[in-house]
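Please open the model in your viewer and keep the sequence beside it. Each stop below names what to select and then describes what is found there.

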Amino acid sequence: MGPGSFTGLRVGVSTARALALATGAELVAVSSLEALAWPHRPEPVTAVIDARRGEAFVASYDNGARARGPEAISASALPELDGQGLAVGDGAVRYRAELEAAGFDVPADDAPGHVMGSSALLALTAGATPWASTR
């Protein structure tokens, strides 16, 4: 058994920051939830990532603007969300029944909308503000 996923995240961010500082490249942060939702704009969409242990990370977007979240909520609270539009992401697949009960449309399990695409990452980084080199 190795280190937890948060340790891996910290190592990855530290590596990216070190490379940016060493090369003078710009480094920007992009939300995974926003990248999942981006291809579905301007329609209402809720990005849901399975957080394990019966929880999900959730953020809702309408017309490309964040309307709710990001937040971690229990799977049992998902039916209480205001279900408008699509729900995408691995959490939407895992918690399909709860999200459909809330009124969301969840695409088929193998639909490409459940996976973050590189075009969304590129588009979101194009308008992002770089992290200051002193952070």
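Select L99 first: L99 is in contact (heavy atoms within 4.5 Å) with V48, L78, L81, A87, G91, A92, F104 and V106, leaving aside residues up to four places away in sequence. The model is predicted, with local features needing pLDDT of at least 70 and side-chain atom pairs counting only at pLDDT 80 or more, while totals for chains, interfaces and linings use all residues. Residues are numbered from 1 along each chain as its sequence is written, and side-chain values use heavy atoms, without hydrogens and water.

Buried means under 20% relative accessible area, exposed over 50%, and partly exposed in between (1.4 Å probe, protein chains only).

Now select A101, in helix α4 (residues 96-101). Helices are DSSP runs of H or I with at least four residues, strands are runs of E with at least two, and both are numbered from the N terminus. Is A101 buried or exposed? A101 counts as exposed because its relative accessibility is 62%. From the C-alpha atom of A101 to that of A123, 22 residues apart along the chain, the separation is 32 Å.

Finally, select F6 in helix α1 (residues 5-23). F6 is exposed, as its relative accessible area is 56%.
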